[in-house]
Every structure is written in C-alpha cells, then in structure tokens.
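Dear colleague,

Please find below the structure that I am handing over to you. My notes on what was found in it follow directly after.

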Amino acid sequence: MASSCVHVGRQIHKTGRIFQRGARDILQRRYVGLGSAACQQSAAEVSGSAEEIVIPRKKTWNKETVLQALAATVNRDPTASNYVLQDDSYLIPNSYAQFKLFTLSKESGRNTAKYFINTYPKYFQKDFAEPHIPCLMPETLELEIEEVSEAALIERIQLRKVKAAVDMYDQLQQSGTPLSVDLTNDLLDLICLYGDQDPAPEQGSDYMGEDQEDVKKKEGIPQRDSGISRWRENNNAERIFHIMPERTRRSYGALIRGMVKYGAYSKAFDMYTDMLNNRLTADVHIFNALITAAPEVREQIQEKWELVLNLLKQMAKQDVKPNLLTFHAVLRCLRRSRHLAKVFSVFNEMKALGIAPSLATYNLILGIVYKQASFAKGHTEILEKVLDEISGKSFTPQDPDDVKFFINAMRICQEAKDIELAYKLHSVVGVGENWKLLGESYFQNIYYWRFFSLLCMMENIDVVLKWYKELIPSLYYPTAQGMRDFLQALDTDNRLDLIPQIWKDIKQMGYGNMSDMVEEILSLMAREKQSPEVQQAFADCALDIKGLYMTQSGPLTWSGISLRCITSILLAAERTQQAWEMLNLFKPNNRVPPESLMNDFLASIKASNKAQQAVELVQISASFCLPVTPSLIERVQQEFELTEEQRNVLTDLESSADMSD
Amino acid sequence: MIWRSVDLRRTALRTLLQLQLNMAASTFCPVLLPLSRINCKLNGIYTLISLNKTAAYSTGLSVKKTGAKTGLPQRGGKELRRQIKQVLQPRTERMAVDQDWTAVYPTAASFKADAVPLPVRMGYPVKKGVPPSKKGNLELLKIPNFLHLTPNAIKKQCEALKPFCTEWPAALDSDEKCEKHFPIQVQKKDYVFAGPSLRHPDARIVTLTVKLSSLNLDDHARKKMIKLSGERYNKDTDTLTITADSCPLKQQNHDYAMYMLTVLYHESWKIEAWEKEKTRADMEEYVWEDSPSQKNILETLLRIRPLSEQQEEGEVREELLGREEVQEYKDSVTKLKNEGETEGNMQQYKEAVKKLLSI
C-alpha cells in the first residue's frame, strides 16, 4: 500500500491547454508491438492490410499535469479540518485559539527541526529524496571565508549579515582594494533594506502574524512603530554612499527607498534633488517610493496632491512607465480626500495604460469610497461594479494589501445588508487561486464571520443551516457572539427543535462554560411547550446541562434563570422525579422558585395524583414564604384526597401563613 | 494527570490549600490514586474539597476547564489548570447521507474510525462476544482498505485521465485484429507514490507477452523455444511471458525484454551439433515410430501370420504398417500416451486392438 500523504487540494482551475504538442514533441510513435525484427510476419501484415491502421501521435505533458488533473476531481470535505492538521478526533481544533495553537506548534516544530539541521549539518548529509529537494538539505548560515577579500564581502551580503558586511567593506577600503560599483551597490541595497541592522532570526510566517495582529486593524497606514526602526543619522549607508567614487542610479535608488522605508521622508526628497542635479534619471521604483513618501512631507491635502502630481509629471518627462505599485501609491495618497472623481480618473488611467488591476487596487478604491459606515447602506453600486469586473478572474498576489480586499468587501456587504452581493463575492473566492488571497487564518476567520452573521440576519433557516454545515467548524470557528446570532436566527424561524444538536456543537467549541450562553439556551428551550419528541430531546439536553452545573469545580454556578428553566423543561417533558430533584436544589443555592413553577408543579402532580407529593410541595412553598402558598394550600385541600395527618400539616401551614400575614 | 482545583470562598483557605497542593505536586507519583477527601472546618463551615486524580485520556463528558475565551492552557500561576480536550462527537455524526465520499477519502489512507460512518466490526470474538467495534481497532488499521476507490471515485478519475489518452485506432475493432497486427503486448505500471522519495520501486517492472503461434517458428524451433523458456510458457494459452525487473529503469527493462525475445527466437532456429543426440526421453510428446509399441505390434502380427519365403521382412513391415488397423492402433496409442487415460481413449484403444487381432 503506498504510504499516504493525504492532500485534499482545493479545486484547481483547469487550464485549457494541458498538453504541449508541436515544438516540445519528440516524435514517438507508440508501437505496442512492432519493435523487434523478430516479428517480421506482423510487419508484413500491416503493410498488406486492407484498412490502414493509424497510430495516433503520443501526447506529452508536464510532470505534474496528471497529478493536477486527478487533484481537480477532489472537492473540499466540509466536516474535515485544515489539511495541515492530523485527522483524528482528538487532534482537530474546536476553536480559533486551538487552531492557532496547533498550527503554531507545527510551525515551531518545523523551525526546531530546521535549527537542528542547520546547526549539525554533518548528520544530515544523506539525501533520501528523489528528486532532490534542496530546501531540506542543511544550509550554511555561518560565515566561512574569514580573510579580507571580495569573495568574503559577497558571502556576507548573500547571508544577509549587515554588520559583518559593513565591517568587511571598511577593511577592504582600508587595505586599498578597488571594489566594483556593482558590489558597492549590492552592499548599499543590503544596508538600506535592513535599515543598517542585522535582520531578526528567521521565524515562521505565523509568528509575525501574532505580533502584528493589532497592526492589521489599521489598514495600510505605514507602520512606524512595532518592529520597524527609524532611519538613523549618519548611518553606514549614507557614509558609504558619500565615500563612493561614482554613484549610479541604483545607488541613489537604494538610498531613497531605504529612507522612505524607514521614515526619513524629507531626506529622501533631498536625495532625489541631489540625483537630478547629478543629471541622473530615476526609475519606477524610486518614483514609487517618492510618491509613497509624498503625503508625509506636506501638511495640507491640496499640497500633498500637488506634490504627487508634480512627481507624476516628472515621471512622464523622464519617460518612466508607471506600474501597478505606482498607482497603488497614488491611491493611498488619496485616502483622505473626498473627491471620488480623482479616484476614478486614476483607475481609468491605469486601465488605459493596460496595467491589470490587482485586488489591492480594488481594496483601496473601496476603502476610499466606503470610508464611513453609513455610506454603505444605500450605495452598493460601486461594489457591484467591482464584483462584476473581477468575477471569473483569478488573481495572484502582487501587493501586500491584496489580502484585505475580501474582508473589506464583506464588511461592506454586511453593513449594507446585501446578501446577493455577498454570494457573488463568495463565488469570486472560489475562482482559481483566489482562495489564497483570503489571507492567513485570522483574516479568513473574519471573512467567514462576517459572511455567516450576514446570512443569519438575512436568510431563512434552511439556507443558514446549509451554510452552517458547510462552514463550521472546518473553515470558521465562531465566536460566542456568532453562535448567539445563530441561535437568534433559529429562534426567528422557529426551529428550536435543533437546539439539542447545536448545544452539542457549542460544548465542543468550548462555549459550554459561558453562563450567559447556557442561560440563553435554557431560556429558549423553556419558553414554550413543544411536541413530545422535541420535549424529550430538550429534557435530555437540560439534564446534560444540569450535569455541567452540578460538577462542583465547574465555572458554572446555579442562577435563578438556570434553575427555573431546567425545572420547567423537565416538567414539560413529564420527568417528575428529576424535576422534584431540581426543586430540592433551590434552597441550597439560595434561590426562590417562581410562582408559575409552583403552579405547573401542582398541575403535574395532579395528573399523577400523589397527595403526599402535593403536601411536600406546599411545605416547600411555605419554607420559601411564597405569597402563592395560601392558594396552593387551598387548591390542594380541594383537589386532592388527603389523609388526616396531611390535613393537619396543611392546616398548620395555613395558620402559620395567616399568622405571618 | 489532571487536577481540579476548587474555587473556594475564603482566600485564606485557598492559599493554605494551594501550598498543600503544590507540595503534593512535588511528591506526586503517576499512579492512579483513589478519590481522597479532605474535610476542613473553618469558622464552622464544612468545606468539602476533593482531589480528583484521573487518567489523562478520558473521553466523552469531561468538562473543559479554562475559560472559553482563551483556549490556551494557562501555565504557571497560582492555579494549575490543564485542559481536557472535549470530544463529544466524531466527524461521522456531522456527515450528510448524500455527501461526496471522494472528498473524505481522496487518496489511499489508513482506516480512520472517526471519518468512516460505517458500523464496521473486525476481530476475533472472545468468549462468546462480538467482534470488536471500529473505535481503536488495530485490525482495521492493518489491512489495506479501498475506501478511496469507490466506483464513483474511479469514474471521476477516469474522466479526468481521458484527455491524456489518444484515440483508439478505428481499424482495430476486434481482438483478433489486435492479435494479428500487434502480437507483442508490453505491460508497464505507473505509481503515484508519496514517501521520502517519489519513485516507486515496482514501477520498473516490464512484462512482455506474445503468442507463439504468431511467431514464425517451425516444429523444431517451436519445441526448442518452449524448452528454452521453461516456466515462462503457458501451454493452455500458448503465451510466452517475459518479465524484466533487473534493471533500475523501465526503459532499460523494456529493452532487455525485447532483447530476450529476439535472442530466444534466433536461438530456437539454430540447430546445434549436440541436438542430434536427442533421446527418446527428451521428446516432448510420444512418437509412435521406433517405439517399443511399434516393435511389439509388428512382432505380434508377424507371429500371427508367419513369413513366407517370397516376402522379405522389410516389405512385410511396410505392408503391415500401412494397414488401416495398424494405423488406428497407432493413433490410439499415441493419443493414450500424449493425452493421458480417458474413457474415450481407452475405448478407442480397445476397439483398435480388437480389430487388429480380429477378435
């Protein structure tokens, strides 16, 4: 049996031409038999046969095409969790926190393994993998060349050791070795990319996600705090730049982009004028950086826009073609402006230049148009137009803001309460590779949360249930609020009979300890009397919940609502014995049973006609000093056949009640 | 081992107990201890504290301890709470009856009791019991399962693989024609394998089958070829099967198999010098000429009809052999020897002998 490496892939968008004929073909006629000279007989027969046997030309294809074709037959299993996790009941996460824990632990294990392989490479030299997998072999992260030479500098640049590279460069300068301009430019690129500091040791992508979770909420504002330092004065980049005998456009570019990345905006502009003075033209990356920096060096919105326009004009004069990131930078500039016309003119110009917009473009446009929440309510035409444009297209990631498109669009749908748009948006997610642009698990969860809450609000219960089965818990781990919305939807559509099942799911998700959630479920169940089977199911569920309350060390403590609800559910299901036990729990927990409960009890006791129980009920009621006690006594005296002592007890109680009045 | 620390009302009692608990932790031994209760009296209130020590793998209705807002286990601190994973229902209970099974088992995977919604039982029923159920059943894990090859899955995969195939030549519409034009059939297997290496060791095996009737062989060549191939020749279907697996690559094995066939063919046509020494014991089938049976019958017939002086022995021989009864006898004996003893054969022999001896 082949060892399993279960990969449940998503639907792979089938490309039209899987096969490559023609140029890459090696003409191979598929001879099933006619190979050897031994079969002379057969050869003779072929030529002599009446019908000509045409053997078609053999098709050739890519190495992975067969696997991709087979993988395209597999859909997603809605009950299974993410494919990276182990498929075992005990190892499937039930909540977002657990999912994060499991995936992070897997990632951490991977990092640990990588650390060991890189630290002790001599034990990991044997290569089992066929074909060879280079990323699994040990990497050399330590410097090997120690003497002062150009090769040493190249090595340090490649291993991204900023300080060591700068030291080596200085040593080379002192020893007088001439260095090529390209090498110096490489060094400048390295320093400016990392801001003159050694990069932090490699961590998995998820770790970065954890730190920057709050950063995500500020959508797109360049982050100056949290990990990215400022551009220091007199740092190595500037120093080396000034020592350089000859500076090319690449050197200027490295410095300008580094300055913009690390917040020295005005310096960047000075560097730019310096560059123009040296009669060098800038390239598209420099202009992108400058346009990004433009809003920071001017105060008024109008001035900012003028500066950006100025830069664009210079770009045109220097004959530099803008690219996608240029337009993104321009759109980010317009974030605070109110003139939507400018936004659309930028977009149209982008289309006119033939640059295909990516999802980040649409995200920026939507962000500008729908800045205020109230705006979304009536005006979803722009979102509709955007969805029309992108439907059926598969996007690749081109800008870090691509991942924000789906959650923003879903937010707009949610605020506008437009379910059709949401369906359209969700169908876009299903096209080709777009699912990758949903972002990491945090963004995915937000997207599905918004989608699901919109569904709960707008659709009827069957559709909601269908989506519930589809999304939860394989794609989306609902929060407590999400489950409450779902319960509300159930309530609205009068499908309370599903509550026992939902309760199981809620327990599994870990919300079974939240007292308000439990109380809400109980009150929904206790509100009205249901049909017998449903009532029995409710009773079982109530007993289960009672078990949770009864565990002494649990976080759930009895409250008035919970006691009352459970008792009334049990009564309605005619489980009198257990209801009686519940009644005895009121006193130890210092709660008073309500009057309606007492009356219901009496009614059920009457049905079973147990006089002793009725008397006990009255005694309990008297012990709580309930105002309903006298009426209870009266009813019991009238409706039941009592023995002598029971009557005595009742008269005592009556008198004591009278006396207390 | 799992602790449950009780939420106490008096903080003093709490800190006191925690000291005790921590001390107990350091001297803890991983053995199941029975339920132990400590009754304390503090200011007239009896507080019941129970220290529960249960095994780690409790399933079913064990309650999750920490607050649901953070599902992460809280390490350290004053209260050590461990989280018990709550597994109430396996995946199977959420599966719809009309779900897409190919999504659950897309590739070959071991049997997962929580993913297969069938009440399978397997194993030896001990002491008049029933075979054990599927949960945690090692027997079900050991055997190969074909859950990934339901008819639906095979249909889907065939549909997906159809674009990779070329058309069947229209002229080859019957088996005989295929036999006629393409007598040699080569079988090769491709595997989708995922392990440390992607290469499956059995992918190099090449099997070549050919019917000897389609080869140009005369009697001697055919017999020699059959002798040379030995085990590889199937007499019932008249096929020669050559399996090549000694080379590491499929192409090499294919070439080797074709080479083998060529060599066999040419060798079987050659007649070596020592083949003349083929004795009667080496013959594949019984030949009546020069056999003891022929000698015997001739002698018997000669004795019945004694030789007259005119006739020579050689002529008599010829004449006797040419007689019809003798031919019949020859046929029946050859049949008996070659095909074994059957009712029909024995009858035929009996008739032939009766005729010959004029009984």
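In this predicted model, a network of salt bridges links D77(A), D87(A), R91(B) and K112(B). A salt bridge here is a side-chain nitrogen of Lys or Arg within 4 Å of a carboxyl oxygen of Asp or Glu. K112(B) is buried, at 17% relative accessible area, whereas D87(A) is partly exposed, at 28%. Buried means under 20% relative accessible area, exposed over 50%, and partly exposed in between, with a 1.4 Å probe and protein chains only.

Over all chains, the structure holds 41 salt bridges. Another of them joins D399(A) and R332(A), at 3.2 Å from N to O. D399(A) is buried, with 7% relative accessibility, while R332(A) is partly exposed, with 22%.

Chain B contains an open sheet of 4 strands in the order β3-β4-β6-β5, with antiparallel pairing. Strands pair if DSSP finds at least two bridges between them; strands (E, at least two residues) and helices (H or I, at least four) are DSSP runs, numbered from the N terminus. β3 (185-188) and β5 (233-234) of chain B stand at the edges with a single partner strand each, so one side of each has no neighbour in the sheet. Between β4 (residues 206-211) and β6 (residues 239-244) of chain B there are 6 bridges, and one of the bridge pairs is V206(B) with A244(B).

In chain A, the axes of helix α5 (residues 162-175) and helix α6 (residues 181-194) come within 10 Å and cross at roughly 145°. Axes are lines fitted to C-alpha atoms, for helices over the stretch in contact (heavy atoms within 4.5 Å), and angles run from 0 to 180 degrees between N-to-C directions.

Residues are numbered from 1 along each chain as its sequence is written, and chains are lettered from A and ligands numbered from 1 in the order in which they are written. Local features need pLDDT of at least 70, side-chain atom pairs count only at pLDDT 80 or more, and totals for chains, interfaces and linings use all residues; side-chain values use heavy atoms, with hydrogens and water left out.

Yours sincerely
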